[in-house]
Amino acid sequence: SLGLVLGTVIVLLMRYAFHVTSGFVLWKSIEAATSFLATPGFSIGAWAIAGFSGDALCLVYSFIYNGSYMLPEIVITALGAYIASRVKPLQLKSFA
């Protein structure tokens with residue numbers, strides 16, 4: 001059960017790393033990471049990224065965006081893997 005949960009967490013952390021990397025490449029290539037700061041009404045967390053610009057902003061934005069859904073997914077999937085590992089297997093009756 002520990003091996004299944006640990007394997008699940010490792011695989012999903014690898015997925016998170018690939019999503020951050022591809023997000024960085026995407027935002028860097030279209031330079032759109034700064035456009036969300038110009039959105040009217042944007043103020044939540046603006047102080048946290050105010051000191052970043054260029055490539056660093058693209059990377060931070062990718063970490064935050066992908067982390068917003070990947071980190072809860074890691075926790076929920078690891079919990080599901082733990083629960084699934086604790087379920088007793090079905091024993092089918094033989095009619096022979």
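Trainee: Which side chains meet in a salt bridge?

Mentor: This is a predicted model, in which local features need pLDDT of at least 70, side-chain atom pairs count only at pLDDT 80 or more, and totals for chains, interfaces and linings use all residues. Residues are numbered from 1 along each chain as its sequence is written, and side-chain values use heavy atoms, with hydrogens and water left out. A salt bridge requires a side-chain nitrogen of Lys or Arg within 4 Å of a carboxyl oxygen of Asp or Glu. At 2.7 Å, N to O, the pair is E73 and R15.

Trainee: How many residues apart in sequence are the parts that this pair ties together?

Mentor: Helices are DSSP runs (H or I, at least four residues), numbered from the N terminus. E73 belongs to helix α3 (residues 54-86) and R15 to helix α1 (residues 2-30), so the separation is 58 residues.

Trainee: Is T8 buried or exposed?

Mentor: Buried means under 20% relative accessible area, exposed over 50%, and partly exposed in between (1.4 Å probe, protein chains only). T8 has a relative accessible area of 14%, whereas E73, at 26%, is partly exposed. T8 is therefore buried.

Trainee: At roughly what angle do the axes of α1 and α3 cross?

Mentor: Axes are lines fitted to C-alpha atoms, for helices over the stretch in contact (heavy atoms within 4.5 Å), and angles run from 0 to 180 degrees between N-to-C directions. The axes of α1 and α3 come within 8 Å, and their crossing angle is roughly 160°.

How values were computed: Helix = DSSP H or I, 4+ residues; strand = E, 2+ residues; numbered from the N terminus.
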